[in-house]
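Please read them with the structure open.

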Amino acid sequence: MTRPPLPPFTEESARAKVQAAEDAWNSCDPERVALAYTEDSVWRNRDRFLTGRAEIRAFLADKWERELDYRLRKELWAFTGNRISVRFECEWHDVAGQWWRSHGNEQWEFDGDGLMRRREASINDVPIAAEDRRIV
């Protein structure tokens, strides 16, 4: 399976890859998102370490059960060869109704078929008031 655009990335193809990731994550569909990763993809997400699509899929299903009305924006930060770096912000609320803004950075590494084989994510959460939301 290939997942264009493929490395080595140009600015145009890196931006397209970032937009495709944003669109997939905003679907809140763990299966759709997991298909962008290699079968043995390795993740660091905050303090969690995951390996493989099955763990990624389960992690995302749990995430979107807790993070309600999730909306995300990603921005290309840098790229080279088969790597892309992004900054992001997302907003969501918990079951108690508290809104949160999560922001951070991700480093991605892709295989030759355009599937992500490694993702390193550093993320911070800040409680916000509903009226302070920026992603509506």
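1. The six strands form an open sheet in the order 2-1-6-5-4-3, with mixed pairing. Strand 2 (48-51) and strand 3 lie at the edges, each pairing on one side only. On average, neighbouring strands are turned by 20 degrees against each other, direction ignored. Two strands count as paired if DSSP finds at least two bridges between them. Helices (H or I, at least four residues) and strands (E, at least two) are DSSP runs, numbered from the N terminus.

2. This is a predicted model, in which local features need pLDDT of at least 70 and side-chain atom pairs count only at pLDDT 80 or more, while totals for chains, interfaces and linings use all residues. Residues are numbered from 1 along each chain as its sequence is written, and side-chain values use heavy atoms, with hydrogens and water left out.

3. Strand 1 and strand 6 pair in the parallel sense over five bridges, and Val42 has Arg118 in strand 6 as its bridge partner. Strand 1 is joined to strand 2 by four bridges, and these two run antiparallel. Trp43 is partnered there by Leu50 of strand 2. In the hairpin of these two strands, with two residues between them, Arg46 takes a positive phi near 60 degrees.

4. Strand 5 pairs in the antiparallel sense with strand 6 over twelve bridges and with strand 4 over eleven bridges. Phe110 is bridged to Met116 in strand 6, whereas His93 stands opposite Trp99 in strand 5. The hairpin of strand 5 and strand 6 has five residues between the strands, and Gly114 in this hairpin has a positive phi near 85 degrees.

5. Helix 1 lies across strand 1, strand 3, strand 4, strand 5 and strand 6, at about 165 degrees to strand 3. Helix 3 lies across strand 1, strand 2, strand 3 and strand 4, at about 50 degrees to strand 1. Axes are lines fitted to C-alpha atoms, for helices over the stretch in contact, and angles run from 0 to 180 degrees between N-to-C directions. Contact means heavy atoms within 4.5 Å.

6. The largest nonpolar core has 28 residues, and those with the most contacts inside it are Trp25, Trp43, Leu60, Ile84 and Trp108. Among the elements that give two or more residues to this core are helix 1 (11-26), helix 2 (30-34) and helix 3 (53-66). A nonpolar core is a set of buried Ala, Val, Leu, Ile, Met, Phe, Trp, Tyr and Cys residues joined through side-chain atoms within 4.5 Å. Buried means under 20% relative accessible area, exposed over 50%, and partly exposed in between (1.4 Å probe, protein chains only).

7. Thr38 is in strand 1 and counts as buried because its relative accessibility is 7%. The Thr38 side chain makes a polar contact with the side chain of Asp40 (3.0 Å). The side chain of Thr38 also reaches the backbone nitrogen of Ser41 at 3.0 Å. A polar contact is a pair of N or O atoms within 3.5 Å; within protein, one must be able to donate a hydrogen and the other to accept it, and residues adjacent in sequence count only if both atoms are side-chain atoms.

8. A salt bridge is a side-chain nitrogen of Lys or Arg within 4 Å of a carboxyl oxygen of Asp or Glu; the count comes to 18. Arg119 and Glu106 form one of them (2.8 Å, N to O). Arg119 is buried, with a relative accessible area of 2%, and Glu106 is buried, also at 2%.
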